[in-house]
Amino acid sequence: MAEAAGALLEIRDLQVELATARGTLRAVDRVSLQVPRGQTLGIVGESGCGKSLTALSVLRLLRSPPARVARGQVLFEGRDLLSLPEAELRRIRGNRIAMVFQEPMSSLNPVYAVGAQIAEAVRAHRPVGRVAARARAVEMLRQVGIPAPEERADAYPHQLSGGMRQRVMIAMALACDPELLIADEPTTALDVTVQAQILELLRGLQRSRRMSMALITHDLGVVAETCDEVAVMYAGRVVERAPVRDLFRRPAHPYTAGLLRSIPRLEAGRAQKLWAIPGSVPALGAWPSGCRFRDRCDRATEICAQVDPPLEVKRSGQLAACHHPVEAPADA
C-alpha cells in the first residue's frame, strides 16, 4: 500500500459527529486513509457505514448542523483542508479536487442548460471569457462521450437520461483538470449497461489524465474492476485496507470475507445459493463493546467483547482490525 509520504490525499484520525434527538453520535470514528498519486482508492461498505460522510468531510461539504468534524486532519499535498480559510478552500474545491455525487438530478440546476453549468464551473476557477468557457464545456461533453455535444450543451437536465446526466456531472467535475476526483456512488440508480459505461469512462479518464481517484461504493464488483487499493468500512470505522488483488484473494477481516461470500456466483452454469452475513449492522450509537462486528462474527471470543481491535498489519501490505483474522489460503 502507498505510504503516507507518497499520498496525494491523506485522512488522519477523522471523527465526524451528528447532533440528534438522542444526543451527539459518532458516525465516523478515527478513520485514516491515503489516496496514492495516480491511483484509485475504493472505499466500500454497507449503507450507513460512514463512506459518504468521510468523502464530504474532505471538501468540508457536511451539512452543519447536524454534522461536524470533531477531530482529525485532511491533508492535501501536506496542507490541512480542515483548517484552511474558506476563500482558500474554494480555490481548491472544484478546481484541484472535484466530486461526482450519487444523484445528478439533485446536483444539477434544473433551470440552467447543462453547458452553461459546466461553463460556470470553468469560469469560477479559470480566467476565461464566456466564449472560451462555452467551448470548454462542449469539449468536456465530447470527452465524456455525449453525442452531438454542441446541441446537448443547450439541453436542460430533465431532457437527458440518467446516464447522460451522470456524464454531465463527470464533465463538470473534470472541466478544470483536477488532481483528485472523489466519486460517491457514481452508478447508483443506473441500469447495468449504463453502469458499465460510466465505470469504463471513469477508468479511462483516470488513466489518461494520471489523476488520483477515491471511488465510494457498496459494490465489490465495481471495486474489483476499477481500484488499485481498497478500504472496507463497517459501523463508522475502517476494518481492512489492502491492495485490491490481495483483498479478493485473501481477505483478513471476517466482515470482508462475508461480503465476498455474498457475491452471487455461477458454478457449472447454475446460480449458487446466496450466502448472507447473519444479523444486521448496529444502529448508530448502539455499537457493541469491543469489536463492532463481533455480534455477527462466528470467530468472536471473549477478547472481542472486551478489547477494541486496532487497525494493524496482519500480512504484508494488508491491515485489518481483528483479533482473529481469517487465515490466508495455502497458495496465497
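# A first look around this model

In H5, Arg 136, Met 140 and Leu 141 meet Val 168, Ala 171 and Leu 174 of H7. By class, that contact of H5 with H7 has 5 nonpolar residues, 1 charged residue and no polar ones. Keep in mind that you're looking at a predicted model.

**The H5 and H7 pair**

- Two packed helices are described by the angle between their axes and the distance between the axes.
- Here, helix H5 (residues 130-143) packs against helix H7 (residues 162-174) at about 125°, and their axes are 9 Å apart.
- That angle makes H5 oblique to H7.
- As for handedness, H5 and H7 cross in the right-handed sense.

**The four-stranded sheet**

- Strands of a sheet pair through backbone hydrogen bonds, and the pairing can be parallel or antiparallel.
- In this model there's an open sheet of 4 strands in the order S2-S1-S4-S5, and its pairing is antiparallel.
- Strand S2 (23-36) and strand S5 (79-80) are at the edges with a single partner strand each, so one side of each has no neighbour in the sheet.
- Further in, 8 bridges link strand S1 (residues 7-20) with strand S4 (residues 67-76), again in the antiparallel sense.
- If you want a spot to look for, find Glu 17, which stands opposite Arg 68 in S4.
- Helix H1 (residues 51-58) lies across S1, S2 and S4, and it runs at about 115° to S1.

**Helix H11, mostly under cover**

- Helix H11 (residues 254-261) is mostly covered, with 7 of its 8 residues buried.
- The buried ones are Pro 254, Tyr 255, Thr 256, Ala 257, Gly 258, Leu 259 and Leu 260.

- Gly 279 sits in the loop between strand S12 (270-271) and helix H12 (302-306).
- Gly 279 is exposed, because its relative accessible area is 64%, and the cut-off for that label is over 50%.
- Although Gly 279 and Arg 296 are 17 residues apart along the chain, their C-alpha atoms are separated by 5.7 Å.
- Thr 187 belongs to another loop, the one between strand S7 (180-184) and helix H8 (192-209).
- With a relative accessible area of 9%, Thr 187 is buried.
- Leaving aside residues up to four places away in sequence, Thr 187 touches Gln 195, Ile 198 and Leu 199.

- Most peptide bonds are trans, and most residues other than glycine have a negative phi.
- A cis peptide bond links Ser 64 to Pro 65, with omega at about -10°.
- Another cis bond joins Pro 65 and Pro 66, this time with omega of about 15°.
- Glu 77 isn't a glycine, yet its phi is positive at about 50°.
- You'll find Glu 77 in the loop between S4 and S5, where it is partly exposed with a relative accessible area of 35%.
- Ala 235 also has a positive phi, near 50°, without being a glycine.
- Ala 235 lies in the loop between S9 and S10, and this residue is buried, with a relative accessible area of 3%.

Note on methods. Residues are numbered from 1 along each chain as its sequence is written. This is a predicted model: local features need pLDDT of at least 70, side-chain atom pairs count only at pLDDT 80 or more; totals for chains, interfaces and linings use all residues. Side-chain values use heavy atoms; hydrogens and water are left out. Axes are lines fitted to C-alpha atoms, for helices over the stretch in contact, and angles run from 0 to 180 degrees between N-to-C directions. Helices (H or I, at least four residues) and strands (E, at least two) are DSSP runs, numbered from the N terminus. Angles under 35 degrees count as roughly parallel, over 145 as roughly antiparallel, 65 to 115 as roughly perpendicular and the rest as oblique. A crossing is left-handed if the near helix is turned anticlockwise from the far one by less than a right angle, and right-handed if clockwise. Contact means heavy atoms within 4.5 Å. Ala, Val, Leu, Ile, Met, Phe, Trp, Tyr, Cys and Pro count as nonpolar, Asp, Glu, Lys and Arg as charged, and the others, Gly among them, as polar. Two strands pair if DSSP finds at least two bridges between them. Buried means under 20% relative accessible area, exposed over 50%, partly exposed in between (1.4 Å probe, protein chains only).
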